[in-house]
Amino acid sequence: MDKICILGSGTWGTALANNLAEKGLEVTLCSKFKEDNDKLKASLEHPNLPGTKLNKNINFVYEFSKAIPGNDIVLFAAPSIFIRESAVEAKPFLNENQILVCVAKGIEENTLFTMNEVIQEVVGDKFKIVALSGPTHAEEVVKGLPTCITAASFDRDARKYIQKVFTHDQFRVYTNSDPKGVEVGAALKNIIALACGISDGLGYGDNAKAAIITRGLFEITNLGRAIGCDPLTFLGLSGVGDIVVTAISNHSRNHNAGYLIGKGYSVEETLAKVGMVVEGINSLNSAIKLAEKYNVEIPIISTVYDIIKNGKSPKESVNDLFARKLIGEKVFQSKE
């Protein structure tokens, strides 16, 4: 039987743990904090996944030293800003026969590394690492609702293995050989979801939201292409799929955060109301730095940056977007 350890008991880590336990696999869910661990173990309920009883066979542990050894797969499910810290803490207890999986969505600001690259730098090149990403709301996965996701790695055997282990009933896993493209799409789509939320908060309609999604995908694809990703990756689950599910759903904390900002709430008030990590806000600085490094225009993402980081009026920002120089619609921006 395959054994999986999940580091991080947020909604996504918990939903995956429950899904794997329902499949009959041996699952350890590791919370960094003893109090959170004890509450989950006692109640089998996650505070942000109301109405769902977790599988009683999940093994709840709060110490990496006890959680990691003996598992075939170690999955990193902390927010992106804590992935390096988690990898550093986990490293002493890892062995090179374990497959490492990361489900965090972000780009590290100082290095501009994807989350897989952060983990790889910490643990070394001998480990096989897989990015597991796609259009997935934890609130639906924990209930067993139909979901598709991508396992992406340069290592064919590793991605095929994760595909086999994680596929279960209504949870279908595809494979992809472009992990960087998958991770770039996963990180930047959160910013597009913020933009759609801001649009909804301003009272704009479906026309505006469709334009943001379409042109936002254009920006992500061009930036990914400049970085060296396969542009077709962004037409898949971690591109189009992830943008759609994050940009239009009430489950999406990024959309909800954008909505509150569009309604006039400050960033601080918004984060307090959402009550969970908003990865799109964490990714803004990295997105701007990447665009500057590779000389790619990202007007929608830059507009969200100005609203959130510089306090620019959302309505004024939309007016400025529409006042930009008229151009032709291209599938890809020229590299020249």
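Two strands pair if DSSP finds at least two bridges between them, and strands (E, at least two residues) and helices (H or I, at least four residues) are DSSP runs numbered from the N terminus. This is a predicted model, in which local features need pLDDT of at least 70, side-chain atom pairs count only at pLDDT 80 or more, and totals for chains, interfaces and linings use all residues. Residues are numbered from 1 along each chain as its sequence is written, and side-chain values use heavy atoms, with hydrogens and water left out.

Strand 1 pairs with strand 2 in the parallel sense over 5 bridges, and Ile 6 stands opposite Leu 29 in strand 2. Both strands belong to an open sheet of 8 strands with mixed pairing, in the order 3-2-1-4-5-6-7-8. Strand 3 and strand 8 stand at the edges, each with a single partner strand, so one side of each is left without a neighbour in the sheet.

| Strand | Residues |
|---|---|
| Strand 1 | 3–7 |
| Strand 2 | 26–30 |
| Strand 3 | 59–61 |
| Strand 8 | 171–176 |

Turning to the helices, helix 8 (residues 179–201) and helix 9 (residues 206–227) pack at an angle of about 155 degrees with their axes 9 Å apart, where axes are lines fitted to C-alpha atoms, for helices over the stretch in contact (heavy atoms within 4.5 Å), and angles run from 0 to 180 degrees between N-to-C directions. Helix 8 and helix 9 are therefore roughly antiparallel to each other, a term for angles over 145 degrees.

Note on methods. Parallel < 35°, antiparallel > 145°, perpendicular 65-115°, else oblique.
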